[in-house]
Amino acid sequence: MANRNVPIPRRQLYIGGEWREPVKKNRIPIINPATEEIIGDIPAATAEDVDIAVEAARKAIGRDDWGSTTGAQRAKYLRAIAAKVLEKKSVLATLESLDSGKTLYESAADMDDVAGCFEYYAGLAEALDSRRKTPVNLNSDSYKSYVLREPLGVVGLITPWNYPLLMAIWKVAPALAAGCAAILKPSELASITCLELGEICREIGLPSGALNILTGLGPEAGGPLASHPHVDKISFTGSGPTGSKIMTAAAQLVKPVSLELGGKSPIVVFDDIDNLDIAAEWTLFGIFANTGQVCSATSRLIVQENIASAFMDRLLKWTKNIKISDPLEEDCKLGPVVSAGQYEKVLKFISNAKSEGATILCGGERPQHLKKGYYVQPTIITDVNTSMEIWKEEVFGPVLCVKTFKTEEEAIELANDTKYGLGAAVMSKDVKRCERFTKAFQTGIIWINCSQPTFNQLPWGGKKRSGFGRDLGEWGLENFLNIKQVTEYTSAEPLAFYKSPSKN
Ligand SMILES: NC(=O)C1=CN([C@@H]2O[C@H](COP(=O)(O)OP(=O)(O)OC[C@H]3O[C@@H](n4cnc5c(N)ncnc54)[C@H](O)[C@@H]3O)[C@@H](O)[C@H]2O)C=CC1
Ligand SMILES: NCCCC(=O)O
Ligand code: NA
């Protein structure tokens, strides 16, 4: 077992490069979901603190030490942050697991990804210098034009608890690379590592106000950020209802938003796969990794009828092998869900599925050997029909529902039978078929013969009710840039649109 006695730092809000007590001095308890114990507390920001942070961010943009930096200069800060994250990886990973219930293995992998994401956007920040000013050929002798890529301004980043630091960094790294000043509002359910990012920024000497971190409740801290007149953009990852509230608040000021809102992603398994075990493991990984708390989790298995029985048999065998334990225990592969509320919600989905006539093939309860903590067994549900809640709604827990199909057309129809459109996976060795599915899936992310691998270089986001806009890749950077066209009249001739007074 890793050292569970890592002290939980008692932090304040990180504003203008300093730790600052919230104006109202309120704090929120930190709960370890594996033990249900209170292990510390975080500051609770309110509208007053949002005002102070926005002011600090505005000042940063107006100061030369941040507002006039080149991409290459900002890249140095990003690389310094990446190096610090790696230096502190073990402590950060433990804190992430204590706060969110994520297995230590996954928390450590997240810290590598966090550092990798800062490194990746450092590269894009450097490349931005040569792309900052792009001439545009107008086929005109009278005009000369170019396009500037400039930082968008002050941006609000509102992020969830499922990958507490990583989801924040998917937005923080490109925002800083672009030269914006950012205000991060992480989830109140898991904020520790985001506050530690504040300490890292302080240690590496990031110019004050370039990144501000406000922990607090959604409506009290996130709400005022979304509706603040001096915040130029909101980038949000989280639930549909909250995304909709943020968009409504932002719309009053015609403030741009990008929304990443989760889904009910399908994984389609065909009978031509060579190896049932390989497909079974990807299917499991697609729904049980991070205890199913993944926006792109492939939570609907759509399996070809003639292999369904053999495939389900393999799935059950693999599922029985999953070690469920305290996330800090070695080889733990499934920790608790994040909170009491999420635990109740997941169990309610399972009991509703039962009352609607579905069969709980395995799991469905808390594991017998764990008396405390928000643990839910990995659960597979069959005899599902398309009108059931379990088929339609995002559970955000370790719950897979299963349907069978006979024909390819039927599989496509089932896969797209959702209001969401984030991810979709197909398992088949037929290349042409995979191409047909790539075209037919109504989503932003397609996985072929795998589920969930994620790379900094690739765009991340969905369509339909999964939201719009893209994190990661060059698209993640574009989110935080203003595109400005500059047109210069270079001719010595007059415009000659109006009658000249000299000809009167
Ligand atoms: N797509 C995804 O990645 C995620 C989806 N979810 C889904 O959402 C459900 C609810 O979980 P929550 O933690 O309540 O998610 P949420 O969407 O309410 O929270 C995400 C972020 O939004 C903030 N927020 C909440 N209300 C706000 C408001 N009125 N204005 C501005 N910011 C606000 C929260 O404080 C947090 O930082 C989960 O059960 C899960 O199904 C949750 C987290 C991530
Ligand atoms: N593997 C990263 C998933 C990100 C998300 O849940 O939004
Ligand atoms: Na927590």
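1. Because isoleucine 31 belongs to strand 3 (residues 27-32) and aspartate 99 to helix 4 (residues 89-100), the pair ties together parts that are 68 residues apart in sequence; helices (H or I, at least four residues) and strands (E, at least two) are DSSP runs, numbered from the N terminus.

2. This is a predicted model, in which local features need pLDDT of at least 70 and side-chain atom pairs count only at pLDDT 80 or more, whereas totals for chains, interfaces and linings use all residues. Side-chain values use heavy atoms, with hydrogens and water left out, residues are numbered from 1 along each chain as its sequence is written, and chains are lettered from A and ligands numbered from 1 in the order in which they are written.

3. Isoleucine 31 is partly exposed, with a relative accessible area of 35%, whereas aspartate 99 is buried at 2% (buried means under 20% relative accessible area, exposed over 50%, partly exposed in between, with a 1.4 Å probe and protein chains only).

4. Which residues surround ligand 2? They are Asn162, Tyr163, Met167, Trp170, Glu260, Val294, Cys295, Thr454 and Trp460, counted as near if one of their heavy atoms lies within 4 Å of the ligand. Oxygen atoms of ligand 2 lie 3.1 Å from an N or O atom in the side chain of asparagine 162, 3.1 Å from a polar side-chain atom of glutamate 260, and 2.9 Å from a polar backbone atom of cysteine 295. Taken alone, ligand 2 exposes 250 Å², of which the protein buries 93% (Shrake-Rupley method, 1.4 Å probe).

5. Arginine 149 is placed in strand 6 (residues 143-151), and its side chain reaches the backbone oxygen of arginine 131 at 3.3 Å.

6. Glycine 198, in helix 7 (residues 192-204), counts as buried at 0% relative accessibility. Glycine 198 and glutamate 409 are 211 residues apart in sequence and 51 Å apart in space, C-alpha to C-alpha.

Methods: Polar contact = N/O pair within 3.5 Å; in protein donor to acceptor, adjacent residues only side chain to side chain.
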